[in-house]
Amino acid sequence: MELFHGSDVEVKEPKILSLSGRTPDFGFGFYTTSARQQAGEFTGIVNRRNGTNARIISVYDFDEQKANGLSLCKFDAANEAWLEFVVANRRGTYRGDKYDIIIGPVANDNVFRTLLLFERGILNVQRTIEELNTRRLFDQYVFSNERALRTLKYMHTIVL
C-alpha cells in the first residue's frame with residue numbers, strides 16, 4: 001500500500017514526530033495518509049508554519065505483512081471512540097493503551113472548528129459526530145515507534 005507524508009523537506013528516513021507545545025490527533029508519531037491530496041494540502045500547512053517555499057511529498061510502501069504482531073488501533077469512522085481518542089490526545093490527557101500503528105480519520109483544519117466547539121461544550125458528542133460526518137475526512141496512518149517505522153519503505157519524492 002502506498003502512503004504519503006507531506007512536509008517542506010524530503011523524508012527518506014522517517015522519525016517520530018515530537019513537537020513541543022502541540023499534541024497531535026493520534027499522539028506522537030510519524031504521520032502519513034493514503035490520500036495524496038491530503039498530503040499535498042498538509043505541505044501548505046507546513047510551508048506556512050515554517051515560512052518556507054518548499055512543498056514536498058515523500059512516498060512510502062507500507063508492508064502490511066510486516067505489521068503482523070504489532071499493536072494496531074483502527075478507527076473506521078469519526079465516531080464517539082475516535083472523538084474521545086483525538087480530544088484526549090490533543091489535550092495531552094490520553095492515558096489508555098499504547099499502539100504501534102494507529103489508523104483513522106484525520107481531524108484536519110476543515111474539522112478543527114467542530115472539534116473546538118465540542119471541546120468548549122457548545123456541541124455534544126452526537127451533534128459533533130453528525131457535523132464531522134458531513135465532511136469528507138481523509139485517513140491518517142500514524143507510526144508510533146521504531147518497530148512500526150520498519151514497516152515503511154521509502155519509495156520516492158514528489159515536489160509540488
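Predicted model: local features only at pLDDT ≥ 70, side-chain atom pairs only at ≥ 80, totals over all residues.
Let's start on the inside. In soluble globular proteins, nonpolar side chains tend to be buried together. Here the largest nonpolar core has 19 residues, and F26, F75, W82, L83, F85, I102 and L132 touch the most other members. Two or more residues come from each of the helices α2 (80-91), α3 (109-119) and α4 (125-132), with α2 giving the most, 6 residues. Take L132 as an example: leaving out residues up to four places away in sequence, L132 touches A78, W82, V111, T114, L115 and L137. There is also a second, separate core of 14 residues, including V11, I101, A148 and L152.

Now look at T151, in the loop between α5 (146-149) and β7 (152-159). T151 counts as buried, at 2% relative accessibility. Its side chain reaches the backbone oxygen of A148 at 2.6 Å. Beyond four places in sequence, the contacts of T151 include D61, F62, I101 and F143.

Finally, the charged pairs: the whole structure holds 5 salt bridges, and the table shows some of them.

| Salt bridge | N to O distance |
|---|---|
| R90 and D25 | 2.7 Å |
| R147 and D100 | 3.7 Å |
| E131 and R127 | 2.8 Å |

R90 and D25 are both buried. R147 sits in helix α5 and D100 in the loop between α2 and β5 (101-105), so their bridge ties together parts 47 residues apart in sequence. R147 is partly exposed at 42%, whereas D100 is buried at 9%. E131 and R127 are about one helical turn apart because they lie 4 residues from each other in helix α4.

Conventions
Residues numbered from 1 in each chain as written. Heavy atoms only, no water. Core = buried A, V, L, I, M, F, W, Y, C linked by side-chain atoms within 4.5 Å. Buried < 20%, exposed > 50% of the residue type's maximum accessible area, 1.4 Å probe, protein only. Contact = heavy atoms within 4.5 Å. Polar contact = N/O pair within 3.5 Å; in protein donor to acceptor, adjacent residues only side chain to side chain. Salt bridge = Lys/Arg side-chain N within 4 Å of Asp/Glu carboxyl O.
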